[in-house]
Amino acid sequence: MRQVWTGLLAAALVAAGGVAAGLQPAAASEPSMPVYAIDTPAKVVLPTTTRRYVFPVAGCRADASQSHHDYPASDIFTKVGCKFVAPIAGRVDEVSRVDRWNPKTNRGADRGGLSVSIIGVDGVRYYGSHLSSIAAGIKPGVRVRAGQLLGRTGKTGSARYTSPHLHFGISWPTGKNVWWIRRGAVAPQRFLNSWHAGGQLSPASAVAAAKRHYGVDHGCRAYC
């Protein structure tokens with residue numbers, strides 16, 4: 001009887017094409033083996049950019065003004081000695097380590113006191129002034145990362161008689177002496193508000209549009 005059953009099972013497998021596929025009837029004493037799906041590694045998607053924005057004051061409460069007198073910029077009010085950090089990776093553009101401001105002359109070129117500017121990887125120039133000190137190793141040409149210490153907030157320049165704050169301006173890159181652009185040419189408030197909330201709003205397109213609209217530079221127009 002057992003031989004009859006084995007023969008019938010083999011015939012069924014042949015009819016189903018099992019033998020053609022190389023399958024053999026399993027012995028009755030062999031347990032059935034579970035079938036497992038083989039997982040393939042997920043595809044790793046690399047970021048297409050290293051751009052990352054951070055708020056330029058770290059380690060202290062800071063409130064950015066939503067307007068500014070005379071030209072586009074923001075005064076970020078905070079305590080003396082708070083960290084002024086790079087808002088994006090880039091290279092140091094210009095450093096002023098001497099406070100030359102004189103209230104009698106009030107020259108625009110001197111109003112910032114101690115200051116640092118960088119050219120970000122997004123092509124935008126970022127400027128922070130009224131600093132109390134400049135971080136060691138910060139000099140023109142040095143590469144910096146987003147969030148790296150550039151200096152400490154203070155009251156130098158025209159902030160000598162005001163509440164301590166970081167003057168923050170954004171513009172397109174220019175020559176060294178074009179301070180009327182370099183102190184701020186595009187209102188930074190909406191970008192600062194975004195970064196302060198952890199957002200990543202970029203000013204690159206707004207700065208490029210402002211540069212096209214500005215056209216020919218006719219020189220200093222105020223605080224000359």
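**Exercise 1. Work out the handedness of the disulfide of Cys220 and Cys224.**

Step 1. Take the torsion about the S-S bond of Cys220 and Cys224, which is about -110 degrees, so this disulfide is left-handed. A disulfide here is a pair of cysteine sulfur atoms within 2.5 Å.

Step 2. Check the distance. The sulfur atoms of Cys220 and Cys224 lie 1.8 Å apart.

Step 3. Cys220 is partly exposed at 24%. Cys224 is exposed at 62%.

A word on the model. It is predicted, so local features need pLDDT of at least 70 and side-chain atom pairs count only at pLDDT 80 or more, while totals for chains, interfaces and linings use all residues. Residues are numbered from 1 along each chain as its sequence is written, and side-chain values use heavy atoms, with hydrogens and water left out.

**Exercise 2. Find how many disulfides the structure holds, and how the cysteines pair.**

Step 1. Count the disulfides: there are two.

Step 2. Look at Cys60 and Cys82. Their sulfur atoms are 2.1 Å apart, and they form a disulfide. The link is left-handed, with -95 degrees about the S-S bond.

Step 3. Cys60 is in the loop between β1 (57-58) and β2 (63-64), and Cys82 is in the loop between β3 (74-77) and β4 (83-85), so the pair ties together parts 22 residues apart in sequence. Helices (H or I, at least four residues) and strands (E, at least two) are DSSP runs, numbered from the N terminus.

Step 4. Cys60 is partly exposed at 24% relative accessible area. Cys82 is buried at 1%.

Step 5. Write the pattern. With the bonded cysteines of the protein chain numbered in sequence order, the pairing is 1-2, 3-4.

**Exercise 3. Describe the largest nonpolar core and say which residues have the most contacts inside it.**

Step 1. A nonpolar core is a set of buried Ala, Val, Leu, Ile, Met, Phe, Trp, Tyr and Cys residues joined through side-chain atoms within 4.5 Å.

Step 2. Size it. The largest core has 36 residues, and Ile76, Val116, Ile118 and Tyr126 have the most contacts inside it.

Step 3. Find the contributors. The elements giving two or more residues to this core are β6 (114-120), β7 (125-134), β10 (165-171), α2 (179-182), α3 (189-196) and α4 (204-214).

Step 4. Inspect Ile76. Leaving aside neighbours within four places in sequence, its contacts include Phe55, Val57, Leu166, Phe168 and Leu192.

**Exercise 4. Survey the aromatic pairs: how many are found in the whole structure?**

Step 1. Count them: seven. Rings of Phe, Tyr and Trp (its six-membered ring) pair if their centres lie within 6.5 Å; planes under 30 degrees apart count as stacked, over 60 as edge-to-face and the rest as tilted.

Step 2. Classify Phe168 and Trp195. Their ring centres are 6.4 Å apart and their planes stand at 90 degrees, so the pair is edge-to-face.

Step 3. Locate the partners. Phe168 is in strand β10 and Trp195 in helix α3, so the pair ties together parts 27 residues apart in sequence. Phe168 is buried at 0% relative accessible area. Trp195 is buried at 5%.

Step 4. Widen the view. Ring pairs link Tyr53, Tyr126, Phe168 and Trp195 into a cluster.

Conventions:
Buried means under 20% relative accessible area, exposed over 50%, partly exposed in between (1.4 Å probe, protein chains only). Contact means heavy atoms within 4.5 Å.
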